[in-house]
Each structure stands twice: as C-alpha cells, then as structure tokens.
Amino acid sequence: MHVFARFVTALALVAAVLFVLAGVMLTYEVMARYFFVRPTIWAAELSQFCLIWGSLIAAPWCLRERRHIRITAVISGLPSGPRIGADVFAMAVVAVFSAVVLVYGYEIFHDSFMRGRTTGTMLDMPMWYVELSLPFGFAVLLVQSVIEVWRAAQGHIAAEGEHE
C-alpha cells in the first residue's frame, strides 16, 4: 500500500503542475489577445486538457487526505460504531461510482480512439487524449476508495490531512 500511496501523491503533484500550467497558458492567452491582439489557437484547449486531467488525477489524493467535501455536522456527533458504518458506506458508494464511471469512461475513450475522433478545433487534437483521463483517474480513485473502505472497516476513520 505504501507504493500506491506514493503513486497517488505523485499524481497529486502532477495535478498541481497541470493546474499551474493551465493558469500560465490562460494568462498568456489573455495577454496575447487583449494587449497584443494576437490570440493563440492552443492556449484555451490545452488549458482545458490540463484542468480535466489535473482534477481527475488529484481526486484519489483528495479522498485519501479527506480534502473532499464532507458533511461532518451529523457524523461527528455519532458514536463510534455508527460513525464507522457511515464512513464504510460513504467510501463504498465512492467505490461503486468509480467502477461505473471507469467502465463507461473506458467505452467513451475506446470509441473515440477507434473512430479517430478529434476536438474539431484548429488544433484538431485526438479526443482520446482527454477522454483517457476518465478511466485512468477513476481506476485510481476506485483503488483508493477500496483502501478507504478497508481502513474504515478496521475502525480507522481518517481526519482531514491524515493518512497511513
């Protein structure tokens, strides 16, 4: 599990770099468009790709670190047993959702790959570049959510920023 934890952390760092790149590209696009009247054909599209990939590969880290949105007002007041049950249930729902998106995301990716779909913009990039982020990101999220189900079932309910 330690190797997978390092992998998830590495993906989170890559996501952070992608978010910074998206910001740099969009800033450049605004400057090029409004100050020099020379817009790019690539900045908006590539920054969207960075944001999509970044969001999906950061999700497992967010789940592990409990940095996602949680409603703690009710859960924090529960006794230990029901709190563990609620955490197991919540992580199981994430696992099932991840599995469903993984299956359908793969079908979308595979169809675009086989048909050679492109973005239809001036860059005309293959759509599968961005669509691959769905099965990849949700596969990693599925594994992380199964780990979290196991940890919760063992009675370990992680607080924000805490992991093993």
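Where does Val37 lie? Val37 sits in the loop between α1 and α2, with helices taken as DSSP runs (H or I, at least four residues; strands are E, at least two) and numbered from the N terminus. The model is predicted, so local features need pLDDT of at least 70 and side-chain atom pairs count only at pLDDT 80 or more, while totals for chains, interfaces and linings use all residues. Residues are numbered from 1 along each chain as its sequence is written, and side-chain values use heavy atoms, with hydrogens and water left out.

Back to Val37: its phi is near 50 degrees, a positive value in a residue other than glycine. Val37 counts as exposed because its relative accessibility is 67%; here buried means under 20% relative accessible area, exposed means over 50%, and partly exposed is in between (1.4 Å probe, protein chains only). Asp124 also has a phi near 50 degrees, again positive in a residue other than glycine. Asp124 belongs to the loop between α4 (80-115) and α5 (128-131), and with a relative accessible area of 40% it is partly exposed.

Next, the surface. Val30, Met31, Tyr34, Phe35 and Phe36 make a nonpolar patch of about 610 Å². Patches are built from residues with over 30% relative accessible area and no salt bridge, joining like charges within 9 Å and nonpolar side chains (Val, Leu, Ile, Met, Phe, Trp, Tyr) within 5 Å. The areas come from the Shrake-Rupley method with a 1.4 Å probe, and for residues only the protein chains shown count as cover. Tyr34, one of the patch residues, is part of helix α1 (residues 2-34) and counts as exposed at 62% relative accessibility.

As for the interior, nonpolar side chains in soluble globular proteins tend to be buried together. A nonpolar core is taken as a set of buried Ala, Val, Leu, Ile, Met, Phe, Trp, Tyr and Cys residues joined through side-chain atoms within 4.5 Å. The largest such core has 14 residues, and Phe4, Leu18, Cys50, Ile57 and Val140 have the most contacts inside it. Two or more residues each come from α1, α2 (43-64) and α6 (133-153), with α1 giving the largest share, seven residues. Another core lies apart from it and has six residues, among them Leu56, Leu63, Val101 and Leu141. Leaving out residues up to four places away in sequence, Ile57 touches Leu11, Ala12, Val14, Ala15, Leu18 and Phe136, where contact means heavy atoms within 4.5 Å.

Now the rings. The structure holds 10 aromatic pairs, meaning rings of Phe, Tyr and Trp (its six-membered ring) with centres within 6.5 Å; planes under 30 degrees apart count as stacked, over 60 as edge-to-face and the rest as tilted. Phe4 and Phe7 form a tilted pair, 6.2 Å centre to centre with 45 degrees between the planes. The two are separated by about one helical turn because they are three residues apart in helix α1. Phe4 is buried, with a relative accessible area of 18%, whereas Phe7 is partly exposed at 34% relative accessibility. Tyr28 and Trp42 are stacked, at 5.8 Å centre to centre and 20 degrees between the planes. Tyr28 is partly exposed, with a relative accessible area of 44%, and Trp42 is partly exposed at 31%. Elsewhere, ring pairs join Tyr106, Phe109, Phe113, Trp128 and Tyr129 into a cluster.

Finally, the charges. Side chains of opposite charge can pair when their charged atoms come close. With a salt bridge defined as a side-chain nitrogen of Lys or Arg within 4 Å of a carboxyl oxygen of Asp or Glu, the count comes to seven salt bridges. Arg66 and Glu148 form one of them (2.9 Å, N to O), linking the loop between α2 and α3 (72-75) to helix α6 across 82 residues. Both Arg66 and Glu148 are buried, and a network of salt bridges links Arg66, Asp87, Glu148 and Arg151. Glu65 and Arg64 also meet in a salt bridge (3.1 Å, N to O), and both are buried. Asp111 pairs with Arg117 at 2.6 Å, N to O; Asp111 is partly exposed, with a relative accessible area of 27%, and Arg117 is partly exposed at 36% relative accessibility.
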